[in-house]
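Trainee: Could you walk me through reading ring contacts and pockets in a model?
Mentor: Gladly; let us look at one together.

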Amino acid sequence: MPSASTNITVEKLYSQEEFDRIAAGVIPEQMEDKWFIFYEAPWVYLHRSWTGFCIFKVRFEVIGESVKIAEVYVNRDPTQQMNTDDERDASMLRILLDSRAKRDVRNQMLNYIKGESSN
């Protein structure tokens, strides 16, 4: 994560099973795989697979039987990440994490494409 980053608020809870899927990460295997995701406790890192740039850094913490997002940093280096809209970044992060957790993200994706925020 470059020094040009910012902290954003993303409130989300996952079951332990869902978090385990997120923590398992993604290793890109083909050109269509756009994200490289890995877990180094307590952070999940989300990098763009083509450039290697770290876009999100997410810290999780256990709350009872759930795992919640405790802290999120997003890349704001203009040479690495063009978006500067915190809510749009929060929406993309929710889509990426929910997808890894095996949650249905179709409506979130449609809202993202239309430029609407999703929770």
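Predicted model: local features only at pLDDT ≥ 70, side-chain atom pairs only at ≥ 80, totals over all residues.

Trainee: How many aromatic pairs does the structure hold?
Mentor: Rings of Phe, Tyr and Trp (its six-membered ring) pair if their centres lie within 6.5 Å; planes under 30 degrees apart count as stacked, over 60 as edge-to-face and the rest as tilted. The structure holds seven such pairs. One of them joins F36 and F38, tilted with 35° between the planes and 5.2 Å centre to centre.

Trainee: Are F36 and F38 buried or partly exposed?
Mentor: Buried means under 20% relative accessible area, exposed over 50%, and partly exposed in between (1.4 Å probe, protein chains only). F36, at 29%, is partly exposed, and F38 is partly exposed at 22%.

Trainee: Why is the pair of W43 and Y73 called tilted?
Mentor: Its planes stand at 45°, with the ring centres 6.1 Å apart, so the pair is tilted. This pair links distant parts of the chain, 30 residues apart: W43 is in strand 4 (residues 43–48) and Y73 in strand 6 (residues 66–75). Strands (E, at least two residues) and helices (H or I, at least four) are DSSP runs, numbered from the N terminus. W43 is buried at 14% relative accessible area, whereas Y73 is partly exposed at 27%.

Trainee: Which residues form an aromatic cluster?
Mentor: Y14, F19, Y39 and F60 form one cluster.

Trainee: Which charged ends sit over rings?
Mentor: The test is NZ of Lys or CZ of Arg within 6 Å of the ring centre and within 35 degrees of the ring normal. R48 has its charged end over the ring of W35, 4.5 Å from the centre. For R88 over Y112, the distance is 3.7 Å.

Trainee: What lines the largest pocket?
Mentor: On a 1 Å grid over the protein atoms alone, a pocket is an open set of points where a 1.4 Å probe fits, with protein on both sides within 12 Å along at least five of seven lines; lining residues have an atom within 4 Å of a point. Here the lining includes W35, I37, M92 and R100. Helix 2 supplies the largest share, five residues.

Terms used: Residues numbered from 1 in each chain as written. Heavy atoms only, no water.
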